[in-house]
Amino acid sequence: MNNPTTPSANLDQEPFYLPVGDEVALFKAAYAQRLPVLLKGPTGCGKTRFVEYMAYQLFRGAQASAELRSIEYPLQTIACHEDLSATDLVGRFLLQGDETVWQDGPLTRAVQEGSICYLDEIVEARKDSTVLIHSLTDHRRILPIEKRGLILDAHPNFLLVISYNPGYQNVLKDLKTSTRQRFIAIDFDYPSVAAETDIIAHESGVDLAVAGQLATLGAKIRHLREHGFDEGVSTRLLIYAGQMMVAGVAPDRACDVAICRAVSDDTDVQSAMQAVVQAIFAESITG
């Protein structure tokens, strides 16, 4: 069976997340009313980590109720792709020996157990998957399972969260209005240089000075959009560059493989980014 989920983490430890706005308060308010949430923002800006952080705060944090703490797997994360079908989400019949048994999909498990189901990059999924979630996003809060002739009422603690990258998607893969208007929307962007410095230092292990150089590099690259790419470098890639440096790779080479060559195959774009790297890390490179 194609398992599209990141194994439903029980979140024993608090994920690191640095709030950059009012997104935490907005998510808590949405969860209190069980309003489905849409996260919009560029790749690698922290949407998935934010969902993990919020699942921990709601189900494992100091303010979590005993009922929420009792849920073993508070988060079901599903990385959507073009082959992801409604069957992958809901479940299917499988042969086990001489018997045919039903195996729940991750969405069904979340609906029944009362956890958060997170569909990452929802527009990459097949259309039947998108239509399937509509009945979970209004007053009905139901999940039809046609193959079993069942209609499941969502557990009172269930919440549906989806994300997508509006800057990356083309018009053929944009989120339909009929789906978009079923969610409250929280916008994400790359953090400020100061905030990104702290994130890079924490996640990669480099000192604050190097983390600050990497954050500055990220900000400058994101201003090079006229050179042929739309988004710039993600915080994730800046962290990768830092981790390469911690492993002993020289700063210019670490940035080359983790950022310049990862962001684009265009040699002109790569050269433009490499020039920025040279300018920022000049002392480290010559030293």
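Axes are lines fitted to C-alpha atoms, for helices over the stretch in contact, and angles run from 0 to 180 degrees between N-to-C directions. Helices (H or I, at least four residues) and strands (E, at least two) are DSSP runs, numbered from the N terminus. The model is predicted: local features need pLDDT of at least 70, side-chain atom pairs count only at pLDDT 80 or more, and totals for chains, interfaces and linings use all residues. Residues are numbered from 1 along each chain as its sequence is written, and side-chain values use heavy atoms, with hydrogens and water left out.

**Helix α9 and its partners**

- Helix α9 (residues 208-221) and helix α12 (residues 267-280) have axes that come within 10 Å and cross at roughly 145 degrees.
- In contact (heavy atoms within 4.5 Å) are Q213, T216, L217, K220 and I221 of α9 with M273, V276, V277 and I280 of α12.
- This contact of α9 with α12 comprises six nonpolar, two polar and one charged residues (Ala, Val, Leu, Ile, Met, Phe, Trp, Tyr, Cys and Pro count as nonpolar, Asp, Glu, Lys and Arg as charged, and the others, Gly among them, as polar).
- α9 also packs with α10 at an angle of about 145 degrees, the axes being 10 Å apart, and this crossing is right-handed.
- Here V210, L214 and G218 from α9 meet L238, A241, G242 and M245 from α10; five of these residues are nonpolar, two are polar and none is charged.

- Strands β4 (residues 91-96) and β5 (residues 99-104) pair in the antiparallel sense over six bridges, where pairing requires at least two DSSP bridges between two strands.
- The bridge partners in β5 are Q103 for R92 and D104 for G91.
- Two residues lie between the strands of this hairpin, and G97 in the turn has a positive phi of about 65 degrees.

**Pocket lining**

- The residues that line the largest pocket include 12 nonpolar, five polar and eight charged ones (a pocket is an open set of points on a 1 Å grid over the protein atoms alone, where a 1.4 Å probe fits, with protein on both sides within 12 Å along at least five of seven lines; lining residues have an atom within 4 Å of a point).

Note on methods. A crossing is left-handed if the near helix is turned anticlockwise from the far one by less than a right angle, and right-handed if clockwise.
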